[in-house]
Amino acid sequence: MRTIPKKSLIYVALVVGAALTLFPYLLVALTAFKDRGQLFSTAPWLPAFPPTTSNIDKLIDSGFLTYVGNTALMTTVLTLGQLVFTTFAAYAFARMKFKGREFLFWCYLATMMVPNAVTMIPLFLIMREMELVNTWFGLLAPYLLGTPYGIFLMRQFFRTIPADLEDAARIDGAGPLTVLWRILLPLSRPALGTLAIITIVTTWNNFLWPLIITSSDDTKVATVAIATLKQNIGSDYNLMMAGSLIALLPMVLIFLFFQRFIVRSVVLTGLK
Amino acid sequence: MKTTTIAKPRETAPDTTGPAPAKRRRKLNLTPYLFLAPSLFGVLAFLLLPVAIVAVVSLFKWELLDSPTFIGLENYRKLAGDGDVRHSLWVTVLYVLLSIPVQTVIALGLALLLNQKIRGVKFFRALFVVPWMATPIVMGVVWTWIFDPANGALNKFLGVFGVDGPNWLSDTAFALPAVAAVQVWQYAGYNMLFFLAGLQGIPGELYDAADTDGASKLRQFVHITLPLLNPTMFFVLVTNIIGSFQVYDTLYVMTEGGPDKSTEVLNFRIVQTAFQEFDFGYASAMAMLLFALILVFTVVQVRFFNRRTTYDIS
């Protein structure tokens, strides 16, 4: 008999937590469809009737989708780059023997603790020196070749795969590329998925580097566009929430599709 | 150059030089270096070189388009006596104190709730991780709307109970706690996963034994759960403190460091000095200071862990 009230208490706590967790999302969805009058005449947590799409139309007319498109392009390129180059490096560290391996791996690990604020200034100076400020190349280059974190993650995963399979393939004359492509990668889907999710999220959300390195519309990403919008029309919350809705939607969709996978994978390693 | 010279006995991975290693072993195997080349270039050009540059630039006076002049440790001397920097360090500490304890307690609480055998537990686990994926810039905007003094959800909600809420983001007493609250909202659920993994690693027999001894649930929590969660707790605290040192995006949209510099953390001061005031030399010295702080925490963490801990949830 004692267990029933205890369980309902747990559910009450969980439901309150869930409500607080989801409230900002709900607020975005509700506010995005209110007009200026409804913004003030209805309670923030209630929907307005009739809903209006004028905010979204207005944002789309002002070219907001271009910036979301730029973010999507940046995210795609950097996620692909991360997956490819990280896999190569992780494979070398996990399976090959070469001079300097331990030292190099240690160097990679050490760079993981370098904070963003430290690299922003010199990266900007490097890009300015090479006249790459406000170019796609300048925006993408620092993150294109794989991160030490990703390499560490993949290397740890590769090392859990028994080497016997590869031995068999190698006896049949398969080279390292074939072994990687045919044997290791198909077995590494969970780790690759984790790496992809983490890269997609961090890239989609990245703000400081795009803010520093880009200044024109062709390279402007959604986060920078939102921040600019905030500075210009900060109190037009209906428009701001429409922009937020567009910027958040892709991440929400990714979450819905990969939901079970994310919970498992986010803590695959205790890093980040 | 022999490829086998650095082989260690614990390595089980086979040599990849092919089926006839005796023949091939004599020449340098380039394959590993080719595989590593792109990422190595990335690490050198975009991580190690920048660290070297920031260290060197911190010894120069270098503003906007001027050519740099070597001034030795002058920037660091200025740093030691800079009231703004001291203030921003204090704000950084305050921000950590406002966010980390609350966030950690909530994370642990959620993990304890979600470690029960109840229906829908997987659904709630997933749900609480949702904010982790949210774009901080966007959430900064959304929370600005929530904190809006006249029409925001928070003050409207307080108004229902007859409470007159403050002007959260424009009040020096409330702005920093408000920004810290956003961090708690965003990362408490994510950190719950680590505690959950830690809880699941505690053998159930310990609790069975405690039950037979008649120990209360509270005593079990204090004497079994908390001590055994120590490594997880330590990991969560250190990584989150390091993360908090680097808060930027939410501050940028919510307060821009104000009002009256009350939310100007060191990280914000650095970016401001470099990209608003274009004082690259001085900003680099500040960045070195932040780097040193983070280094201390990282070294503590690595010392404690010895090797990186791996978690998984079943």
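Chains A and B meet in this predicted model, and the contact draws 84 residues from chain A and 90 residues from chain B. On the chain A side, one helix gives the most: α14, residues 237–266, supplies 14 residues. What kinds of residues make up the side of chain A that touches chain B? They divide into 58 nonpolar, 15 polar and 11 charged.

Now look inside chain A. The domain assignment gives domain 1 at residues 1–52 and domain 2 at residues 55–266. Their C-alpha centres lie 32 Å apart. The two domains touch, with nine residues from domain 1 and nine residues from domain 2 in the contact. On the domain 1 side, α1 (3–32) and α2 (36–41) are the elements that give two or more residues. Helix α1 of chain A has the largest share, with four residues. This side of domain 1 of chain A holds four nonpolar, two polar and three charged residues.

An unreviewed UniProt entry places "transmembrane region" features on chain A at residues 9–33, 72–93, 105–127, 133–152, 191–212 and 239–258. Take two of these spans. Residues 72–93 of chain A are 100% helix and 0% strand, and the end C-alpha atoms lie 31 Å apart. Residues 133–152 of chain A are 70% helix and 0% strand, with end C-alpha atoms 30 Å apart.

Finally, turn to chain B. Its domain assignment gives domain 1 at residues 21–57 and domain 2 at residues 76–305. The C-alpha centres of these chain B domains lie 36 Å apart.

Key. Residues numbered from 1 in each chain as written. Chains lettered and ligands numbered in written order. Predicted model: local features only at pLDDT ≥ 70, side-chain atom pairs only at ≥ 80, totals over all residues. UniProt positions renumbered as here; feature names shortened; annotations may be inferred. Contact = placed C-beta atoms within 7 Å. Nonpolar A, V, L, I, M, F, W, Y, C, P; charged D, E, K, R; others polar. Domains from an automatic or database assignment.
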